[in-house]
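Work through these exercises with the sequence and the model side by side. Try each task before you read its solution.

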Amino acid sequence: MNTALVTAIGSFSADIVIKNLKNGGSRVVGCDIYPAEWIADSGNVASFYQVPLATDEKRYVNSILKICREEQAKVLIVLTDVEVDVWNRYRDELALASVTLCLSSEETLLLCRDKRELYRFLMDKGIGSPIPTLELLEAVPECLSYPAVIKPFNGRSSQGLRYIQSLDEMKGFLECGGSEGLIVQPYYQGSIITVDVVRQAETGESVAVCRKELLRTPNGAGTSVLVFLDPVLEATCRDIANALGINGCVNFEFIQTEDGSYHMLECNPRFSGGVEFSCLAGYDCVTNHLRCFIGEAIEPLKGITGMYIARKYEEYIMGIKKQFP
């Protein structure tokens with residue numbers, strides 16, 4: 001039985017990742033930046049570890065490597081963008097420890113995590129109808145359409161996102177400085193469409209599962225969705241995944257405008273927070289993600305059931321405190 005180390009198990013995708021890995025026969029070890037008593041899924045893993053913030057790179061990397069040694073973990077599955085960025089820089093350390101990093105290639109991750117380069121790439125390939133993206137420092141305010149959207153070029157979970165309503169507001173924002181690393185996009189009115197895509201790089205086989213996000217948290221995680229079938233969008237996503245060289249499970253986000261057209265917004269090169277929706281609808285993204293990295297073929301898409309799915313929160317008693325201050 002191989003051991004898989006799953007990080008950030010307090011995140012939205014952790015529950016289904018842990019459950020499906022275990023159902024597939026893996027021993028699962030988990031970690032998070034918070035103590036076990038704060039993390040509901042800490043009781044669902046064979047061992048739990050509290051680790052440093054990934055932004056404290058050296059301490060974080062050394063901590064994860066130590067856990068892999070102690071637990072004899074052979075697979076590392078990371079669930080947050082900041083960890084994706086870190087491990088894309090520390091691939092060699094994992095390779096020396098004989099640990100398989102379940103992420104796409106370095107080149108692919110660098111492209112996906114840079115919204116500027118992703119836009120240019122998709123435009124060059126003529127796929128995805130991406131939302132126009134400019135570096136804010138290079139944009140001419142008078143030539144932009146308003147409202148406009150400003151965000152970091154490598155942002156995550158809507159962090160740093162800001163809406164600019166007018167030319168005067170944009171000029172005021174620019175006068176305050178701090179525009180380095182920001183991009184600007186036109187605001188597209190429409191529905192958020194997310195697509196979980198699993199691609200086996202060795203064979204080129206891929207699967208796409210689409211959903212419309214009906215309710216979302218402020219950080220962009222869907223809490224009520226409609227899973228639906230759209231052969232054209234699914235084919236577009238497979239084309240994008242092939243062009244990017246995706247390996248494993250990733251998530252594409254689109255805006256669907258009132259005329260029904262889709263415009264690609266970004267690629268999250270790890271499990272989406274709503275990956276369980278796709279699993280419930282009929283495709284096990286987690287098991288097939290792992291297959292992409294252990295040399296096994298992924299399952300074909302035998303059938304997805306269109307359905308409404310809503311997420312709820314549930315309380316767990318994680319420990320009893322006998323004395324209070």
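## Exercise 1: A nonpolar patch

I33, Y34, W38 and L53 together make a nonpolar surface patch of about 440 Å². The model is predicted.

**Task.** Locate W38 and decide whether W38 is buried or exposed.

**Solution.** 
- Step 1. Find the segment. W38 sits in the loop between β2 (27-32) and β3 (47-50).
- Step 2. Take the relative accessible area. For W38 the value is 61%.
- Step 3. Compare with the cut-off. Exposed means over 50%, so W38 is exposed at 61%.

## Exercise 2: The length and cover of α2

**Task.** Check the span of helix α2 (residues 57-71) against 1.5 Å a residue. Then say which residues of α2 are buried and what covers them.

**Solution.** 
- Step 1. Helix α2 has 15 residues, so the span should be 21 Å.
- Step 2. Compare. The end C-alpha atoms of α2 are 21 Å apart, which agrees.
- Step 3. List the buried residues. In α2 these are Y60, V61, S63, I64, L65, I67, C68 and E71.
- Step 4. Look at the spacing. An α-helix has 3.6 residues a turn, so residues three or four places apart point the same way.
- Step 5. Name the cover. The elements over the buried residues of α2 include β1 (3-6), β2, β3, β4 (73-77), α3 (81-89) and α4 (91-96).
- Step 6. Step past the helix end. Q72 follows α2 and has a positive phi, near 55°.

## Exercise 3: An enclosed helix

**Task.** Explain why α3 counts as largely enclosed by the rest of the structure.

**Solution.** 
- Step 1. Count. Of the 9 residues of α3, 8 are buried.
- Step 2. Name them. They are D81, V82, E83, V84, D85, V86, W87 and N88.
- Step 3. Find the cover. It includes α2, β4, α4, β5 (100-101), α5 (106-112) and β14 (262-268).
- Step 4. Conclude. With 8 of 9 residues buried, α3 is largely enclosed.

## Exercise 4: Salt bridges

**Task.** The whole structure holds 19 salt bridges. Describe the pairs K19 and D15, R59 and D56, and D81 and R270.

**Solution.** 
- Step 1. Start with K19 and D15. Their closest N and O atoms are 3.2 Å apart.
- Step 2. K19 is partly exposed at 38%. D15 is partly exposed at 26%.
- Step 3. Turn to R59 and D56. Their side chains meet at 2.9 Å, N to O. R59 is exposed at 53% relative accessible area, while D56 is partly exposed at 30%.
- Step 4. Take D81 and R270. This salt bridge also has an N to O distance of 2.9 Å. The pair links distant parts of the chain, 189 residues apart: D81 is in helix α3, and R270 is in the loop between β14 and α9 (275-281).
- Step 5. Check burial of that pair. Buried means under 20%. D81 has 3%, so D81 is buried. R270 has 12%, so R270 is buried.
- Step 6. Salt bridges link D114, R116, E117, R120 and E135.

## Exercise 5: Two buried polar residues

**Task.** For T7 and K115, find the burial and the polar contacts.

**Solution.** 
- Step 1. Trace the T7 side chain. It reaches the backbone nitrogen of L79 at 3.3 Å. It also makes a polar contact of 2.8 Å with the side chain of E83.
- Step 2. List neighbours. Beyond four places in sequence, T7 contacts C31, Y60, I64, L76, I77, V78, L79 and E83.
- Step 3. At 7% relative accessibility, K115 is buried.
- Step 4. Trace the K115 side chain. It makes a polar contact with the side chain of E266 at 3.4 Å.
- Step 5. List neighbours again. Not counting residues up to four places away, K115 touches T133, K151, P152, F153, N154, G155, I183 and E266.

How values were computed:
Residues numbered from 1 in each chain as written. Predicted model: local features only at pLDDT ≥ 70, side-chain atom pairs only at ≥ 80, totals over all residues. Heavy atoms only, no water. Patch = residues over 30% accessible without salt bridge, like charges linked within 9 Å, V, L, I, M, F, W, Y side chains within 5 Å. Areas by Shrake-Rupley, 256 points an atom, 1.4 Å probe, with all protein chains shown as cover. Salt bridge = Lys/Arg side-chain N within 4 Å of Asp/Glu carboxyl O. Helix = DSSP H or I, 4+ residues; strand = E, 2+ residues; numbered from the N terminus. Buried < 20%, exposed > 50% of the residue type's maximum accessible area, 1.4 Å probe, protein only. Polar contact = N/O pair within 3.5 Å; in protein donor to acceptor, adjacent residues only side chain to side chain. Contact = heavy atoms within 4.5 Å. Expected span 1.5 Å × (residues − 1).
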